[in-house]
Amino acid sequence: NIFILEKKKTELYQELGLQARDLRFQHVMSIATRNNRIIMRMEFLKAVITPEFLLILDYRNLSLEHWLVNELASQLAGEGQLVTYSLPFEFRAIEAILQYWISKLQGRLNTLQPQILETLEALVDPKLLSVDRSKLHILLQNGKSLSELETDVKVFKETILEILDEEEVIEELCLSKWTDPQVFEESTSGIDHAEEMELLLENYYRQAEDLLNEARELRVLIDDSESIIFINLDSHRNVMMRLNLQLTMGTFSVSLFGLIGVAFGMNLESSLEEDPRIFWLVTGIMFLGSGLIWRRLLSFLGRHLDPPLPPHVPAVLKKSQPAAGRVEIKTSLKGETFGLSRSTLTNQ
């Protein structure tokens, strides 16, 4: 059954036997027990669990009506997929809240993952000479959202781990064990409710761990894609710089032999301008000399910019057969490198 109550905070914590600080609306994540009550804070979702009922505080401002009516009610009644349906009420209430929170985190990851993969696929294309800034802006926003998700999952894990490290707290979470004699008899006869509570928390701890691993893999993919993007941009930048350098060399070559034309273009009288063949001869020398100089400069550029071949590494170390408890290793390096013609290392 679902009831909607409106009460002052002072009246509420007096009826529940709690203190004022227990109902403070702090956006933190914690699971604590006090006066046979379980107080769960999942950031904006705050709940108080008793052996008889589950109280969700200030749900109207959180858009939780769909979850409360359509999912939570059936789960607490044992009609959902909770594995604790045969256990006392507080087990179902805790599992329902943990399942809601882990599903919310998983939904955030499922929303981010296709957006990030689509953006990275568009940015990593090696055919692109430039990077779309709108895609980078989207990737930046998704990266921030992914960082926030990783932080939330880590906090969720740490909250559960703090309880798993304290056996007394796990015992206190089993409320019905201390209030219902039948449950206490079942616990003493073989059904260890504390162990069931520990298994429940470990289950959601593993789910959070898997979720965090998926987020980390996505983060690594973003980092690797950024490296690929920078490599592609550097490659295109190097091509443009090399082209600019080649054109500069060509301009230098033409300018160098263009001095001949400048010399003949001066208003100086000589006997050469009277011969009609001199014009073609000088022009041919200018173009031929410019081409040879440019070719020579390009050859020089290619020798200094192309990556050298890796040096040949000979089989230096040869192990001989062990004899008399010794291993002899001979080297065939030449003496020009180390100042030795041959060295023998003997290891006892």
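Q: What share of the contacts with a separation of 6 or more comes from residues 24 or more positions apart?
A: In the protein chain, 57% of them do. Keep in mind that this is a predicted model.

Q: OK, and how many helices and strands are there?
A: The chain has 10 helices and seven strands.

Q: How much of the chain is buried?
A: Buried residues are 30% of the 348. As for the surface, the chain exposes about 23400 Å², and 56% of that area is supplied by carbon and sulfur atoms.

Q: Let's pick a buried spot. Where is isoleucine 94 found?
A: Isoleucine 94 is in helix H3. Its relative accessibility is 1%, so it counts as buried.

Q: Which residues is it in contact with, leaving aside neighbours within four places in sequence?
A: Isoleucine 94 touches Ile38, Met40, Ile49, Met197 and Leu200.

Q: How far is isoleucine 94 from leucine 201, in sequence and in space?
A: They are 107 residues apart in sequence, with 9.2 Å from C-alpha to C-alpha.

Q: Staying with H3, how does it sit against H2?
A: H2 spans residues 65-76 and H3 spans residues 89-123. Their axes come within 9 Å and cross at roughly 140°.

Q: Which residues make the contact?
A: From H2, the contact uses Trp67, Leu72, Gln75 and Leu76. H3 brings in Phe89, Arg92, Ala93, Ala96, Ile97, Gln99 and Tyr100.

Q: How do those divide into nonpolar, polar and charged?
A: Eight are nonpolar, two are polar and one is charged.

Q: Switching to backbone angles: what's phi at asparagine 36?
A: Phi there is near 55°, a positive value in a residue other than glycine.

Q: What about phi at glutamate 43?
A: Glutamate 43 isn't a glycine, yet its phi is positive, about 60°.

Definitions and conventions:
Residues numbered from 1 in each chain as written. Predicted model: local features only at pLDDT ≥ 70, side-chain atom pairs only at ≥ 80, totals over all residues. Heavy atoms only, no water. Axes fitted to C-alpha atoms, helices over the stretch in contact; angles between N-to-C directions. Helix = DSSP H or I, 4+ residues; strand = E, 2+ residues; numbered from the N terminus. Contact = heavy atoms within 4.5 Å. Nonpolar A, V, L, I, M, F, W, Y, C, P; charged D, E, K, R; others polar. Buried < 20%, exposed > 50% of the residue type's maximum accessible area, 1.4 Å probe, protein only. Areas by Shrake-Rupley, 256 points an atom, 1.4 Å probe, with all protein chains shown as cover.
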